[in-house]
Amino acid sequence: MNREARPFLPPVPKASGWRLFLKTVVARAYPRVIGQQRERSWIFFDVFLSILAVSAYVFVYRAIGAPEEYVGFVVVGGAMTAFWLNVLWSMSSQLYWEKESGNLALYIMAPNSMMAVLLGMALGGIIATALRAGAILLVGSLIFHVHYTVGSLPALIAVFVLTLAALYGLGMMSASLFLLWGREAWHLANLAQEPIYLLSGFYFPVKNLGFWVAVGASIIPLTLGLDAMRQLLFPSGAALGFLSVPVEVGVLAVLCVLFLAAARGLLGYMERVAVREGRLLESRR
Amino acid sequence: MSRNVYSSASFRERWAAAWRSFRVATWLGWQIESNWTDPFLFAVYSMVKPLASAAILVVMYGVITNGQFQHPIFPYIYLGNAFYIYVGAVMTGVSWAVIDDREHYRTLKYIYVAPIRIPAYWLGRGVARFLTGSFAVLITLAAGVLFLHVPFHPARVNWPLFLLSLTLGVVMLALMGLVLASISLMIAHHFFLIGEAVAGALYLLSGAIFPLEVLPPWLRPLGFAMPITYWLELIRRSLLGDVARGFPTLSGFTNGQLLGILAGLSVLFGLMAAVAFRLCDRQAREKGLIDQTTNY
């Protein structure tokens, strides 16, 4: 319908610049958050069942007579798995999934920044996953009587925020890499679950893997983030920690800047390559 | 619709259609699972995931016990974890086919109008993951025997009991997967795999990695209601013999009794799968969910 046929409608103000960027971020975050309200099945499958899965590791420790603080380590690690799974499946492989379902072409055609789309995905994912992780942490702590001794709340908040920023920066970076891949993306995301649970020390202090393995695993922000959080939450955490908290905070800050900058650069590069090689619309099924 | 095509068919025709659906779905599932890369990368992919999963438990055990891998509880944990790979693989393989066809390939509506038996098709789609899962179980067992002193002696294995238990167990898992597949018809595409989520939860209740006595008394009945509990006990007894009998959970049961319980619970899950499919299939048709896409 052209403008002449609807003379009483006011013209729609067009956003541009940072306003368009922000609107795109909110628009992409919106379905993630609202999806939680529409599809309540996640409460059962993602929270209740996750608590049971975390509990299994708690009972392993009890079966072999581990000290009680290991139960707390498992509960905190189990809550953080929600973020890792969200980054893997809803960030890294999301552009691949969007390509397969036909949305990617629409994102590229629309006059918005792809970086804003990725940021929106990350923001929506963080909000949605924080609810799940919080529920796992709360229920797990109540069931297993986990006692926390918070040494420094500002430090704990800083570690948590930096960990998530670096983690979702990694997710945004890998999303652009996955843009070039076909079904490999799906399988590589699947492959990055258990090995990362192992290397990042989700269920035990990463220090036990040895210095150099822990150094290598530190490229995944959750490795140092979890280690620092455990040090700040449990009295014995410092003794079992890999590096001191200030050092871990520093490395996390560097990772955060590095991943976000790399995400921006890679996204532009990969988009150009994908356009040149005609991969944006291909569907190698 | 497939339901109407076979409403007046004879039993033989229904069986032939189910077998054809199963066979074609098996081929299709294998292509989807395996032809995305070269055989070498596929082999590495199939090895790394299960070995990492086993290594988590090995590190946890090693840290707490200072590496006492000779203790009888270690093979109990290790074997339970190794064979538990089948639980996630088979249940995910069968149930993920619904989401994959509906939202990724967008072919579920075409499958529904084709002359095939839907449950047989889903079971066939699970075979590929069963095969890759078998490879993962073998690799995990080999690593345990070679590097962690898991006491496995082929001459002492009760092979008939092992093969019978394994077959019965895989059928039982496929039926559980069918229940999940029916439920998947009704729910959105979440970022997690429903089969793996359920398998992760049953990890707690099935005595896979610790004896059920470790659970609080109010949770134990749930463990005893799970067919996986009896299946894993049979697998352990057939492979380890007396070592497995050292744990009190099911020591009062003979092998025959355990097989009987496993068979009975498998029949129960078969009935549940049939009922779940009828209910969910009808609801999904009435609510127009067969071709829904949820891309949050």
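## Helix 10 of chain B

In chain B, helix 10 is followed by B:Gly241, whose phi is positive, near 65°. Helices (H or I, at least four residues) and strands (E, at least two) are DSSP runs, numbered from the N terminus. The model is predicted: local features need pLDDT of at least 70, side-chain atom pairs count only at pLDDT 80 or more, and totals for chains, interfaces and linings use all residues. Residues are numbered from 1 along each chain as its sequence is written, while chains are lettered from A and ligands numbered from 1 in the order in which they are written.

Helix 10 covers residues 227–240, and its 14 residues reach 20 Å from first C-alpha to last, close to the 20 Å expected at 1.5 Å a residue. The expected span of a helix is 1.5 Å times one less than its number of residues. Helix 10 of chain B is largely enclosed by the rest of the structure, because 14 of its 14 residues are buried. A residue is buried if 20 or more other C-beta atoms lie within 10 Å of its own, exposed if 12 or fewer, and partly exposed in between, with C-beta atoms placed from the backbone.

## The two chains

Chain A holds 13 helices and 0 strands, and chain B holds 12 helices and 0 strands.

The C-alpha trace of chain A spans about 75 × 40 × 40 Å along its principal axes; the C-alpha atoms of chain B fill a box of roughly 60 × 45 × 35 Å. Buried residues make up 50% of chain A and 45% of chain B. Among contacts with a separation of 6 or more, residues 24 or more positions apart account for 82% in chain A and 85% in chain B. Two residues are in contact if their C-beta atoms, placed from the backbone, lie within 7 Å.

## Where the chains meet

In chain B, 40 residues are in contact with 40 residues of chain A. Helix 3 (39–65), helix 4 and helix 8 (194–205) of chain B each give two or more residues to this side, and the largest share, 14 residues, comes from helix 3. By class, the side of chain B that touches chain A has 30 nonpolar, 9 polar and 1 charged residues. Ala, Val, Leu, Ile, Met, Phe, Trp, Tyr, Cys and Pro count as nonpolar, Asp, Glu, Lys and Arg as charged, and the others, Gly among them, as polar.

## The nonpolar core

The largest nonpolar core has 181 residues, of which A:Val60, A:Tyr61, A:Val74, A:Met80, A:Leu118 and B:Tyr203 touch the most other members. Its largest share, 19 residues, comes from helix 4 (residues 73–104) of chain B. Such a core is a set of buried Ala, Val, Leu, Ile, Met, Phe, Trp, Tyr and Cys residues joined through C-beta atoms within 7 Å. Not counting residues up to four places away in sequence, B:Tyr203 touches A:Ala53, A:Ala56, B:Tyr84, B:Ala208 and B:Ile209.

## Helix 13 of chain A

The buried residues of helix 13 of chain A pack against helix 6 (114–143), helix 7 (153–178) and helix 11 (221–233) of chain A. Just after helix 13, A:Gly278 takes a positive phi of about 70°.
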